Amino acid sequence: MDVSEQDDYYYHENISFNFSYDDYPSLCEKGDVRSFAAVFLPIMYTVCLLVGLAGNGLVVAVYAYYKRLKTMTDAFLTHLAVADLLLLFTLPFWAADAARGWELGEVVCKVVSACYTVNFTCCMLLLACISLDRYLALARAQGKDQSRWLQRIFTRRHCWKVCLVVWATAFVLGLPDLILSEVRWASNRSVCLAIYPASMARGGKAALEIAEVLLGFLLPLLVMVICYCSVGQALKGLPVESRGKKWKALRVLLTVVGVFVVTQLPYNVLKVYRAMDSVYAIVTHCGTSKVLDQAAQVTESLALTHCCLNPILYAFVGTSFRQHMMKVAKKFGERRRMRRKRREHPAVEEEMGMSFNSHTASQVTNTFSI
């Protein structure tokens, strides 16, 4: 395989219109795949960006200005919203890439590629941490002695250590993208992709794919299932008079796990298949290769929708968070009314402002005296 063929073969998973199986571009022309991506991906990425920015931005704003981080879950939700936002900020780059090719240089290619992988993995690991923290909170309430060492780790004092381990693990998985990503010319356009050395092209890429599946899907799913099954068993033991709250909580848990499986399973199954193909060359037919490329575009977009759903599934369902969110909305409405009054009655508003300032000054003096 010459250099041009290697450039087409060693692809980057974050570029959904990539040339995953384009070993012989002269025999398998994928112009229709790229045309589909040029329309489909910008639309999907724009929707994810707008919805995700609104939801995750609200979570960060509420936690930053109105709600103190009182529990481990509060800290995990804040880190999850930040990771979602950083991941969403990479989508305009990939949308432009799908439509016109990569035009921003190699440094931006490396940074955006690494940022995508780091934050995507970090989001999945934080979901596992949230599940584990919910289970441990229940275990503490019931006075269980099981998992004592985990209960000692998952405390507010060690919260920053747990989050640091999560981000460090995600950063390690993003290092290959940071180091190996390059801008190459392929199929009449510039593309941003990871170029693996010939010695590790097959095994190295496959190993990285499997590691991302294990840490970014199977581990969080396993933790979710074990922890939420334990929580569900505890909820079943509640008195009959609490049946309504019990089933409501169970529906929330089932929805969380169900949404995770529906959005992440297809993408990760395809990643495993792609890893196997890079080692054993399973795909040999051009039509199959095109179908798999388009499936990668659709399933990756589906996986990204989880960034938009995280605020709804994890933050907005909490009573405390909803109360603080209502306070934010109330304060915002009061500020708008005050501005409208100032525009409508500037003279009265000035007089009221002077009276309010003198009253506030007397209050400050009194408070200082006390």
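**A tour from the α5/α10 crossing**

Start with helices α5 and α10, which cross in a left-handed way (the near helix is turned anticlockwise from the far one by less than a right angle; clockwise would be right-handed). This is a predicted model, where local features need pLDDT of at least 70 and side-chain atom pairs count only at pLDDT 80 or more, while totals for chains, interfaces and linings use all residues. Residues are numbered from 1 along each chain as its sequence is written, and side-chain values use heavy atoms, with hydrogens and water left out.

Select 105-141 for α5 and 286-315 for α10: their axes come within 12 Å and cross at roughly 40°. Axes here are lines fitted to C-alpha atoms, for helices over the stretch in contact, with angles from 0 to 180 degrees between N-to-C directions. The pair is therefore oblique (under 35 degrees is roughly parallel, over 145 roughly antiparallel, 65 to 115 roughly perpendicular, the rest oblique).

Now show side chains. On α5, pick Y116, F120, L127, I130 and R134; on α10, pick E300, A303, L304, H306, N310 and Y314, and you have the contact (heavy atoms within 4.5 Å). By class, that's seven nonpolar, two polar and two charged residues (Ala, Val, Leu, Ile, Met, Phe, Trp, Tyr, Cys and Pro are nonpolar, Asp, Glu, Lys and Arg charged, and the others, Gly among them, polar).

Next, hop to α4, residues 91-100, where L91, W94, A95, D97 and A98 are buried (under 20% relative accessible area; exposed is over 50%, partly exposed in between, with a 1.4 Å probe and protein chains only). Look down the axis of α4: the buried residues fall within an arc of 160°, so they line one face (the arc is that of the directions from the helix axis to the C-beta atoms). Among the elements covering them are α2 (31-65), α3 (72-89), β2 (189-194), α5 and α10.

Then find K30, in the loop between α1 (3-9) and α2. K30 is buried, at a relative accessible area of 1%. Draw a C-alpha to C-alpha distance from K30 to C286: it reads 8.9 Å, though they're 256 residues apart in sequence.

Finally, zoom out. The protein chain has 12 helices and two strands (DSSP runs numbered from the N terminus: H or I of at least four residues for helices, E of at least two for strands). Of its 370 residues, 45% are buried.
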